[in-house]
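Colleague: I am new to this structure. Could you show me how to read it?

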Amino acid sequence: MKKDKKEYNILIIEDNPGDLLIVDDFLHEVIVNPTIRHAKNFRLASETLCTTEERYDIILLDLTLPDKSGQQLIDAIQKVAGAAPIIILTGYSDIDFSIQSISKDVADYLIKEELTAITLYKSIIYALERKKAVHQLLESEKRYSDLFHLSPQPMWVFDLESLKFLSVNGAAIRNYGYSEDEFLSMTIKDIRPPEDIPQLEAAIASSIEYNVPFTKGVFRHKTKSGDIIHVEVLSNIISFKGKKAELILANDITERVNYIKTIEEHNKRLHDIAFTQSHIVRVPLARMMGIVNLFKDMETIEDPKLQKLLSYFMDSAEELDELLRLIVHNAESEI
């Protein structure tokens with residue numbers, strides 16, 4: 001087997017000089033130049049781990065030491081080991097204890113009598129790869145957690161079965177007025193107007209039935225103060241702490257909705273004005289113009305001054321009619 005040329009800093013906690021020599025030989029057999037430190041009991045191991053700035057890539061731990069052993073030893077070493085993976089080396093084959101140890105974040109459990117250079121090396125590599133994978137997972141979870149909790153938009157997660165809030169971010173707490181504890185004691189029905197709950201239940205049932213992972217829509221929500229706000233909701237179905245849940249991002253569009261309503265009301269007023277001017281005001285004006293024409297056509301009106309006055313009146317009526325046409329045109333163009 002070709003030796004590993006990477007640098008490894010390894011702490012062996014072992015009180016048996018013979019076992020220490022074997023493990024040391026195995027490590028040199030598979031690694032070009034390992035840096036190996038040794039502690040023969042828990043006290044020295046604890047001092048090494050707590051008082052030096054040296055960081056170990058791996059810890060090889062004998063399960064029976066003069067001053068501590070078994071689960072008590074594992075728990076104590078884990079408290080001072082930092083991020084270094086722990087591989088247990090023992091002369092006792094206890095399957096139940098090994099399973100219990102691994103379930104408590106011990107990287108591996110190796111029997112000394114069965115140990116070889118290859119099995120020890122593989123265990124070290126697997127432990128380091130698991131550590132790297134866990135670190136990447138934690139970093140990924142932190143990034144997503146930061147995106148959730150630091151988002152300026154209200155976000156929450158709710159249980160698709162019970163509809164209870166499972167997690168909320170600071171923006172949701174600020175915008176809706178409920179504390180985190182209040183949110184976590186509520187369901188999403190509690191932030192909806194009662195008359196909108198059937199729509200909510202239908203939307204959730206449809207999402208579950210057709211397994212739609214992503215949905216978008218505009219809904220009405222209710223704040224703690226009782227105000228009704230309009231929100232554009234983006235949702236994704238996710239798994240959250242073992243539960244089928246839905247992640248919600250709620251964008252408050254109340255101002256936009258109110259602005260649109262204002263524009264619509266403005267347009268309606270303009271339409272009413274245009275209708276009034278076009279159909280109501282111009283009707284009596286048309287009658288007045290007809291009466292003037294009737295007078296002008298009467299042969300009995302011979303007085304030049306009266307004829308001239310009727311012409312002035314007719315010109316003014318026609319001018320007013322033209323102004324009304326212009327006003328109606330401008331009002332209709334704004335609608």
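Modeller: Start with one residue pair. Gly217 stands opposite Val233 in S9. Keep in mind that this is a predicted model.

Colleague: In which sense do S8 and S9 pair, and over how many bridges?

Modeller: First the general idea. Strands of a sheet pair through backbone hydrogen bonds, either parallel or antiparallel. Now the case here. S8 pairs with strand S9 (residues 228-240) in the antiparallel sense, over 9 bridges.

Colleague: What is the strand order of the open sheet with antiparallel pairing?

Modeller: Five places, read across: S7-S6-S10-S9-S8. The edges are strand S7 (165-168) and strand S8 (214-222). Each has a single partner strand, so one side of each lacks a neighbour in the sheet. From one strand to the next, the twist averages 30°.

Colleague: And which order does the open sheet with parallel pairing have?

Modeller: That open sheet also has 5 strands, in the order S2-S1-S3-S4-S5. Strand S2 (35-39) and strand S5 (108-111) form its edges. Again a single partner strand each, so one side of each is without a neighbour in the sheet. The twist here averages 20° from one strand to the next.

Colleague: Over how many bridges do S3 and S4 pair?

Modeller: Over 4 bridges, in the parallel sense. Take Asp62: its bridge partner in S4 is Leu89. A helix joins the picture too. H5 packs on this sheet and touches S3, S4 and S5. The direction of H5 makes about 130° with that of S3.

Colleague: At what angle do H1 and H5 pack?

Modeller: The general idea comes first. Two packed helices are described by the angle between their axes and the distance between the axes. For H1 and H5, the angle is about 75° and the axes are 9 Å apart. Angles from 65 to 115 degrees count as roughly perpendicular, so H1 is roughly perpendicular to H5.

Colleague: Which residues of H1 and H5 meet?

Modeller: From H1 come Val23, Phe26, Leu27, Glu29 and Val30. They meet Ala117, Ile118, Leu120, Tyr121 and Ile124 in H5. By class, this contact has 9 nonpolar residues, no polar ones and 1 charged.

Colleague: How many residues does the largest nonpolar core have?

Modeller: In soluble globular proteins, nonpolar side chains tend to be buried together. Here the largest nonpolar core has 23 residues. Ile10, Ile12, Val23, Leu27, Leu60, Ile87 and Leu120 have the most contacts inside it. At least two core residues come from each of strand S1 (9-13), helix H1 (17-30), strand S3 (58-62), strand S4 (86-90) and helix H5 (117-149). H5 supplies the largest share, 6 residues.

Colleague: What does Val23 touch beyond four places away in sequence?

Modeller: Ile12, Leu60, Leu89, Leu115 and Leu120. There is also a second, separate core of 21 residues, which includes Val168, Ile191, Leu200 and Ile229.

Colleague: Now the backbone. Is Leu163 buried or exposed?

Modeller: Leu163 is buried, with a relative accessible area of 10%. Phi of Leu163 is near 65°, a positive value in a residue other than glycine. Leu163 is in the loop between strand S6 (155-159) and S7.

Colleague: And Lys241: buried or exposed?

Modeller: Lys241 counts as exposed, at 74% relative accessibility. Phi of Lys241 is positive as well, near 50°. The loop between S9 and strand S10 (243-252) holds this lysine, Lys241.

Colleague: How many helices and strands does the protein chain have?

Modeller: There are 10 helices and 10 strands. Of the 335 residues in the protein chain, 37% are buried.

Notes
Residues numbered from 1 in each chain as written. Predicted model: local features only at pLDDT ≥ 70, side-chain atom pairs only at ≥ 80, totals over all residues. Heavy atoms only, no water. Core = buried A, V, L, I, M, F, W, Y, C linked by side-chain atoms within 4.5 Å. Buried < 20%, exposed > 50% of the residue type's maximum accessible area, 1.4 Å probe, protein only. Contact = heavy atoms within 4.5 Å. Axes fitted to C-alpha atoms, helices over the stretch in contact; angles between N-to-C directions. Parallel < 35°, antiparallel > 145°, perpendicular 65-115°, else oblique. Nonpolar A, V, L, I, M, F, W, Y, C, P; charged D, E, K, R; others polar. Pairing = 2+ DSSP bridges.
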